[in-house]
Amino acid sequence: MQRIQSGRGFERLQRLVRQQLGHELATDQSKPQSQATAANAPVEFSQRHQQLASRSGAELDIQTGYQQLSLLQRAQRRERMHKERQQANLEQVMRLTQDYCPEHVASLEVDPDWFQQYCELVLNISNPTMQQLWAKILAGEIAQPGSFSLRTLFLLHQMSYKEALALQRAASLTCRVRQQDSGHIYFGYLRSPSVWQFLTGRSKAVLNLSQFGLTYPQILSLTELNLLHPSEIESGALDPATPLNLWYHQQQLQVKAKVPGLVLQYYKFTPMGTELLPLLSSQPNSAYLQTLKQLLSPVLLIE
């Protein structure tokens, strides 16, 4: 999705923001600076503990403990800080959405109930990378209402940053049979018994996906999140007379079986996983594609 700040998409975003926040976005407002450097700097345990306590609204004074404020005052302070942090999260996501606003949008308006649920979920998203992902979702929904189901939003809200990285790695290995089809991660093949198998001694081959950054525990995690189907899937037997067109990111591949009875093995994304794939800034893994071609070359002609 291209970064654009003008056009009908931005105007629709401004209307949504007015409804939710009561004011428009300031287009020239600078974005908060990243805290990644500070987060990665080595700190003492007590210092890290104090930082987390302060963020929670229950900051502890080493000398006086909690004695400076009453219990009620401390509770009120914590609640106020919580509300301020939620408001800051929501406003930051709205600002980030400006970067992805499309020039042209569908005639349908964003469903108000969907947008209300979206805002409630965004309130507690503080991780900058996850905020970017949520901003892309809103921009996509503005462009084409109905693109993202509430079930997908609830699922994404439950995902940790680590799980989002696993999904991004899976996306980098994804092929499509048709450009609008759900994604497949190919990892091997099977072949029915034949004289060819007897002569070569090889009826199947499997690729270890962990060498390309996608480990088996990550696959299980994505399965538990209902982003990948729970079992490995086998294609129907490929017809040697009929070529199969695949898209690996923007690269089109035409494959044709060299032998009869050939079956490809892959992991398949669920509908919710398919909804999230276009939002991920994943790059093609050239090492994976080259290794996959080598694995399949005895049984597939790949052009």
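Biologist: Where is His-249 found?
Modeller: His-249 is in the loop between β5 (244-248) and β6 (251-257). Keep in mind that this is a predicted model.

Biologist: Okay. What is its phi, that of His-249?
Modeller: Near 55 degrees. That is a positive value, and the residue is not a glycine.

Biologist: Is His-249 counted as buried, exposed or partly exposed?
Modeller: Partly exposed, because its relative accessibility is 22%. Buried would mean under 20%.

Biologist: How many residues lie between the strands in the hairpin of β5 and β6?
Modeller: Two. His-249, with its positive phi, belongs to that hairpin.

Biologist: In which sense do β5 and β6 pair, parallel or antiparallel?
Modeller: Antiparallel, over five bridges.

Biologist: Where do side chains point in a regular strand?
Modeller: They alternate between the two faces of the sheet.

Biologist: New topic, helices. Which residues of α10 are buried?
Modeller: Helix α10 covers residues 216-224. Its buried residues are Gln-218, Ile-219, Ser-221, Leu-222 and Thr-223.

Biologist: What covers the buried residues of α10?
Modeller: The cover includes α8 (161-172) and β7 (262-268). So a helix and a strand are among the elements there.

Biologist: What comes just after α10?
Modeller: Asn-226, with a positive phi of about 65 degrees. Asn-226 sits in the loop between α10 and β4 (233-234). Here again, the positive value is in a residue other than glycine.

Biologist: How accessible is Asn-226?
Modeller: Its relative accessibility is 34%, so Asn-226 counts as partly exposed.

Biologist: Let's jump to the start of the chain. Where is Phe-10?
Modeller: In helix α1, which spans residues 8-21.

Biologist: Buried or exposed, that Phe-10?
Modeller: Buried. The relative accessible area of Phe-10 is 12%, and the cut-off for buried is under 20%.

Definitions and conventions. Residues are numbered from 1 along each chain as its sequence is written. This is a predicted model: local features need pLDDT of at least 70, side-chain atom pairs count only at pLDDT 80 or more; totals for chains, interfaces and linings use all residues. Side-chain values use heavy atoms; hydrogens and water are left out. Buried means under 20% relative accessible area, exposed over 50%, partly exposed in between (1.4 Å probe, protein chains only). Helices (H or I, at least four residues) and strands (E, at least two) are DSSP runs, numbered from the N terminus. Contact means heavy atoms within 4.5 Å. Two strands pair if DSSP finds at least two bridges between them.
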